[in-house]
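Visitor: I would like a friendly tour of the charged pairs here. Could you take me through them?

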Amino acid sequence: MCHRWFDLHQPQHQQKNCTRWSSASVSRIFGKSLPGFSLQSKIILTGTMSLEIQMEFRRLGNVEREIRQLQDAINDARTNVGLEEGNPELEKLQVENMKLKHRLSILNRAIAAESGSSKPSANSSILDHLNDIFTQAIATAFPQVCADVPTVITVSGVPKFGDYQCNNAMQIVQKLKALDVKTNPRDVAVKIMEAVPRSPMISKVEVAGAGFVNVFLDKTFGAEAIMSILKDGVKPPVFARKRVIVDFSSPNIAKEMHVGHLRSTIIGDSICRFLEFLGHDVLRLNHVGDWGTQFGMLIAHLQDRFPDYLKVSPPIGDLQAFYKESKTRFDSDEEFKKRAYACVVKLQGGDADSLKGWKLICDVSRKEFQKVYDRLDVKLIERGESFYQKRMESIVKDLAKQQFLEEDDGRKIMWGENKDGIPLTIIKSDGGFTYDTSDMAAIKQRLHEEKGEWLVYVTDAGQATHFYTIFSCARRAKILDPAVHRVDHVGFGVVLGEDGKKFKTRSGDTVKLTELLDEGLKRSLDKLLEKERDKVLTPEELKAAQESVAYGCIKYADLSHNRNNEYIFSFDKMLEDKGNTAVYLLYAYTRIRSIARNCGGDFANDIDKVIASTQLSLDHEKEWKLAKVLLKFTDVMKLISKNLCLHHLCEFVYDVSTTFTEFYDSCYCIEKNKQGEIVKINAGRVLLCEATSRVLGKCFDILGLKPLHKI
């Protein structure tokens, strides 16, 4: 261990391995302030500092100075001093400034890594760590082109070529060629390999072929990471905690939930579970359609069918039929239509009797919706369009005051930032509000009143243009600040029947969600009886297995497909016990969970005691292969945080399950004699099974699946 003294009081020419640093520079480099640090003080940096890092430390001050000079020139140009906007020289300055900032970022990461602040942990991203150290290596080996070369790290598909690869050599050769430096990819790869700093995550790095840098993970690090999962639980990657508001499901009052609501409900719930696991503050909103013209006809019909509705709760058994009856009257009876419009006016004016009827209708719908949500284990807070009624009036005044509204054939419309696409209709020609109005009021309420930092809207892909315009208008009106807020429209394709057409009943009607769930229960029970599970499970266990399989297979079939695509709904395929299905995964999980239980003793009753006293080795190739798959969990989480596509998680759990099968077939966890008596327990392998079950269990929770110990 050596100590480097950075004497900031001494003149630089008298210092050895020293340079001048500001307090701000040291704070940024080491990620924290250092108590008592000033230009007149000394600090001791502990740790072995490589010559390259010493050199980079000295260069950092010059890089910062160049950035300040360039930034001053750019700022002068923007205030009409010196170069003018659009001048090619200014563009060159901006490019050079960007490159220097990139260089500064690399230097900071290198110094932080040298100080030990970036040591990988069990929930570290392997890809991020490799990206950091290879970015540093490229900067060290080829500083003249590093700013123009984004680091490329990929997962290796062939074990003999390592676990990961850095594939930058060819790109660097091309950049060097442009600078009249001749070399070849293999020589470039060798120089990168030689510049790679030591890392506890890596056992070795080697060059293969025409310039691939192959990376082999370290087993000791892998074993420690698996033990951390067992001791500390399955931890998420570290993210800054945000207030996230997720808008999903969104059925309409007085209409039954149908298959069209299935994807929004399932995808939205899983996204919420995922974000909650990451530690975000998540508000789950059900933006139901509970306001508008249709309620005039429903109230008018209610008054005719149940004249005493104000005193006696009306026995509306089938709200869908009730809605159809009122719609038929509205379309065919002019007198009824007039009364319906009058009821709308009264409702919006706050008439007590109209509000009573409206609330009765909403309550009937709400109870039916809740039955579906309970079955699917989905939690939501209802906030219908009526909630935004007063806020719609306010947003219209605000937009008009800022002169964002334009007249268009009696309507008042609003364009987005570039006035392209389709404008929003804020006020209809009859003076009424629209979905556009309520969505603008809602986005303002969610960002400004709820203090949302990240908004997620889960609807069908057909609404992509609508939300693009909403976000654009919100930015134009300064409601949405891209520097502070993140907004995502999570679109999805439609559900198709096995004939490849839109999923409907044989009669051509929309499939009701309750009927779909009932059919799933029937089919899952048939499957369990076919496997004679009724002979080994109690009636309670059989019912739990029936529901777990039924609802699990419906959810997983949806989530395992890329949400951007359509998918074919097929109970037969969902309920297969082979392949990437919920049934296969639930069975696999149950089998894994039974291993420790079958060992008996502390394995069954006090697994923490075994964890505390057992060393994990990962000597067998199948043990190591399974461990490496489990270690991809963090990178899967980080990928989903970027695109909110849950099929990545489904692919991961299937990979874990199939890799576990390879491990279990090759590595004995429990050895028995001919009499079936246990003669040996491989504790390390049993713990690898336990770690696998814990990772799968967390994934299942995010996906909304309910695994069982017996199935």
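**Salt bridges**

Guide: Arg305 has a relative accessible area of 41%, which makes it partly exposed; buried means under 20% relative accessible area, exposed over 50%, and partly exposed in between (1.4 Å probe, protein chains only). This is a predicted model, where local features need pLDDT of at least 70, side-chain atom pairs count only at pLDDT 80 or more, and totals for chains, interfaces and linings use all residues. Residues are numbered from 1 along each chain as its sequence is written, and side-chain values use heavy atoms, with hydrogens and water left out.

Visitor: Which side chain meets that of Arg305 in a salt bridge?

Guide: A salt bridge is a side-chain nitrogen of Lys or Arg within 4 Å of a carboxyl oxygen of Asp or Glu. For Arg305 the N to O distance is 2.5 Å, and the partner is Glu325.

Visitor: Is Asp488 buried or exposed?

Guide: Asp488 forms a salt bridge with Arg486, with the closest N and O atoms 2.6 Å apart. Arg486 is partly exposed, at 27%. Asp488 has a relative accessible area of 19%, so it is buried.

Visitor: How many salt bridges does the structure hold?

Guide: Another one of them joins Lys535 and Glu532 at 3.3 Å, N to O. The structure's total is 44.
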